[in-house]
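Q: Hi! Could you walk me through this one while I have it open?

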Amino acid sequence: MQQEETARLIEDWTQTHGRTRDRLLPLLHMLQEEIGFIDGNAIKIIAEKLNLTRADVHGVVTFYHDFRRAPAGRHVVKLCRAESCQARGAAAMEKAAAERLGVPMGETRPDGQVTLEPIYCLGLCAVGPNALVDGRPVARIDAAALDRIAQEVAA
Ligand code: FES
């Protein structure tokens, strides 16, 4: 079902927007937006449609952090890993978040409740370390903030 939906979306999109190599990034963004992830099946279909190798498509998908390879959890917590947040203790908060939320960085908890991902600068550098919780920025992440986030994503 999911594979058929993916194939249909790619076919419809390429009929409207073309099948040249420069269509790759916009096509990947559309799929990420519509389905939420780009898996091996999507990579295979895209490679065929745009006359690219699977390695070409896979390389682009894995290069950009915004593209997911698997469905996200019900809640998505992103922690900033960029320079200013690093200088404000982001690495320690990342470790604490993984423990508090029960999921390693870059993964989705087995119960599907939460995904923990890195992000690279939210433009709130002066009030870091920062997070994005289901799209909402949260500044000055500390142990108390992680507790609040853990309660929020438990719902
Ligand atoms: S470095 Fe984290 S918000 Fe800019």
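A: Happy to. This is a predicted model, in which local features need pLDDT of at least 70 and side-chain atom pairs count only at pLDDT 80 or more, while totals for chains, interfaces and linings use all residues. Residues are numbered from 1 along each chain as its sequence is written, and side-chain values use heavy atoms, with hydrogens and water left out.

Q: Thanks! How many helices and strands does the protein have?
A: There are seven helices and five strands; here helices are DSSP runs of H or I with at least four residues, strands are E runs of at least two, and both are numbered from the N terminus. Along the sequence they follow the pattern α-α-α-α-β-α-α-β-β-β-β-α.

Q: And which domains is the protein divided into?
A: Domain 1 covers 2–63 and domain 2 covers 75–154, with bounds from an automatic or database domain assignment. Their C-alpha centres lie 29 Å apart. The C-alpha atoms of the protein fill a box of roughly 50 × 30 × 25 Å along the principal axes.

Q: What about burial: how much of the protein counts as buried?
A: Of the 155 residues, 42% do. Buried means under 20% relative accessible area, exposed means over 50%, and partly exposed is in between, using a 1.4 Å probe and protein chains only.

Q: Which residues have the most contacts inside the largest nonpolar core?
A: Those are Leu24, Leu28, Leu31, Ile38, Ile46 and Val57, in a core of 22 residues. Helix 1 (2–17), helix 2 (24–35), helix 3 (40–50) and helix 4 (54–63) each supply at least two residues of this core. A second, separate core has 18 residues, including Met93, Leu116, Val133 and Ala145. By nonpolar core I mean a set of buried Ala, Val, Leu, Ile, Met, Phe, Trp, Tyr and Cys residues joined through side-chain atoms within 4.5 Å.

Q: Nice. What does Leu24 touch?
A: Leaving out residues up to four places away in sequence, Leu24 touches Ile46, Leu50, Leu52, Val57 and Val60. Contact here means heavy atoms within 4.5 Å.

Q: Then which residues bring helix 2 and helix 3 together?
A: From helix 2, Leu24, Leu27, Leu28 and Leu31 meet Ala42, Ile46 and Leu50 of helix 3. That contact divides into seven nonpolar, no polar and no charged residues. Ala, Val, Leu, Ile, Met, Phe, Trp, Tyr, Cys and Pro count as nonpolar, Asp, Glu, Lys and Arg as charged, and the others, Gly among them, as polar.

Q: Switching over, how do helix 6 and helix 7 pack?
A: Helix 6 (residues 90–101) and helix 7 (residues 143–154) pack at about 35 degrees, with axes 10 Å apart. The axes are lines fitted to C-alpha atoms over the stretch in contact, and angles run from 0 to 180 degrees between N-to-C directions. Residues of this contact divide into nine nonpolar, no polar and two charged.

Q: Is Lys78 buried or exposed?
A: Lys78 counts as buried, at 17% relative accessibility. This lysine is found in strand 1 (residues 75–80). Among the residues Lys78 touches are Asp66, Arg68 and Glu117.

Q: Last one: where does Gly89 lie?
A: Gly89 is in the loop between helix 5 (83–87) and helix 6. Gly89 is partly exposed, with a relative accessible area of 28%. The C-alpha atoms of Gly89 and Gly128 are separated by 8.3 Å, although the two are 39 residues apart along the chain.
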